[in-house]
Amino acid sequence: MMPEHHCRHLPIECKHLLLRDFRRSDLAQFAAYRANPDIARYQGWEDFHIGDAEEFFAIQLPLRFGVAGSWYQVAIASLETDRMIGDCVIHFTGDETQVEIGFTLAPEAHGRGFAFEAVSALIELVFNTLGKQRIIAITHAHNDAAGRLLTRLGFDQCEHASEGADPERLHTLHRNQWEAAINTN
Ligand SMILES: CC(C)(COP(=O)(O)OP(=O)(O)OC[C@H]1O[C@@H](n2cnc3c(N)ncnc32)[C@H](O)[C@@H]1OP(=O)(O)O)[C@@H](O)C(=O)NCCC(=O)NCCS
């Protein structure tokens, strides 16, 4: 039987984590960490509830992977227990050569290198499997944890002219930078 929500490139197994499609059973955990003010601080939502998670899932369910303009959300789960510990997203911007990414971990999963592990796997998917040339990420300029993570992953950063009032940073990783970083490690 076809899973509820399906990307043929998933699941991806990492050392400690599994990147996989979202399931309805993830929604309580998803809503719980999105409702945490520390997690929401630099993101685009406020007062997240289970109803918002269900609405999110209803939008995700029929999404086909890779459609221009879509945001395809991927669950990050513990490899050992399969419990969801966070999520990441690929925004297919409409420019065939590049995608935008985003990521969030539940607070109990912070500070263990799990975001680095999950986003590294996402980057490999984007460059090696999807054949894109460039990845961008946009963060709030005060979001130091996200900035540190992207810098560790090899992204360059610059000020970004934001549409809203909040200062933003644009982080960019070219495929050749990633390949060079892998070859030197
Ligand atoms: C951004 C976010 C995912 C980063 O999570 P994180 O756990 O700090 O990221 P990493 O997986 O790279 O872990 C790195 C931290 O773990 C520590 N660490 C501990 N053990 C480690 C290990 N084995 N390997 C690597 N790092 C390890 C590192 O020292 C580092 O801490 P530091 O940043 O204080 O120096 C997290 O802060 C988050 O979910 N924030 C809210 C959502 C958000 O703002 N997302 C960005 C919007 S796009």
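Residue numbers begin at 1 in each chain and follow the sequence as it is written. Because the model is predicted, local features need pLDDT of at least 70 and side-chain atom pairs count only at pLDDT 80 or more, while totals for chains, interfaces and linings use all residues.

**The sheet**

Let's begin with the strands. Helices (H or I, at least four residues) and strands (E, at least two) are DSSP runs, numbered from the N terminus. Two strands pair if DSSP finds at least two bridges between them. Eight strands make an open sheet with mixed pairing, in the order S1-S2-S3-S4-S5-S6-S8-S7. At its edges sit S1 (12-13) and S7 (156-160), each of which pairs on one side only.

Now zoom in on S3, S4 and S5. S3 (residues 71-78) and S4 (residues 84-92) run antiparallel and are joined by seven bridges. S4 and S5 also pair in the antiparallel sense, over seven bridges.

| Residue | Stands opposite |
|---|---|
| Gln73 | Val89 in S4 |
| Ala75 | Asp87 in S4 |
| Ile90 | Ile101 in S5 |

Both connections are hairpins. Five residues lie between S3 and S4, and Asp82 in that turn has a positive phi of about 70°. Five residues also lie between S4 and S5, where Gly94 in the turn has a positive phi of about 105°.

Which residues touch the most other members of the largest nonpolar core? They are Leu19, Ile76, Ile85, Ala118, Val119, Leu122 and Ile123, out of 40 residues in that core. A nonpolar core here is a set of buried Ala, Val, Leu, Ile, Met, Phe, Trp, Tyr and Cys residues joined through C-beta atoms within 7 Å. Buried means that 20 or more other C-beta atoms lie within 10 Å of a residue's own; with 12 or fewer it is exposed, and in between it is partly exposed, with C-beta atoms placed from the backbone. H4 gives the largest share of this core, nine residues.

Take Ile76 as an example. Residues are in contact if their C-beta atoms, placed from the backbone, lie within 7 Å. Setting aside neighbours within four places in sequence, Ile76 has contacts that include Leu17, Leu19, Met84 and Ala118.

Helix H1 (residues 27-34) has its own buried set: Phe30, Tyr33 and Arg34. Seen down the axis of H1, these buried residues fall within an arc of 100° (taken from the directions from the helix axis to the C-beta atoms), so they line one face of the helix. They pack against H2 (37-40), H3 (50-60) and S4.

**Around the ligand**

How many residues surround the ligand? There are 21, and the closest are Gly113, Ala115, Phe116, Ala145 and Ala146. A residue belongs here if its C-beta atom, placed from the backbone, lies within 6 Å of the molecule. S5 (98-105), H4 (114-129), S6 (134-140) and H5 (144-152) each supply at least two residues of this shell. The shell divides into eleven nonpolar, eight polar and two charged residues. In that count, Ala, Val, Leu, Ile, Met, Phe, Trp, Tyr, Cys and Pro are nonpolar, Asp, Glu, Lys and Arg are charged, and the others, Gly among them, are polar.

Leu149 sits in H5 and is buried, with 20 other C-beta atoms within 10 Å. Beyond its neighbours within four places in sequence, Leu149 is in contact with Ala115, Phe116 and Val119. Leu149 and Phe116 are 33 residues apart in sequence, yet their C-alpha atoms are 6.5 Å apart.

His110 and Glu96 are 14 residues apart along the chain, and their C-alpha atoms are separated by 32 Å. His110 is partly exposed, with 15 other C-beta atoms within 10 Å.

Most residues other than glycine have a negative phi, and most peptide bonds are trans. Asp47, in the loop between H2 and H3, has a positive phi of about 50° without being a glycine. Asp47 counts as exposed, with 9 C-beta neighbours inside 10 Å. Finally, a cis peptide bond joins Leu10 and Pro11, with omega about 5°; Pro11 is found in the segment before S1.

How values were computed: Contact = placed C-beta atoms within 7 Å.
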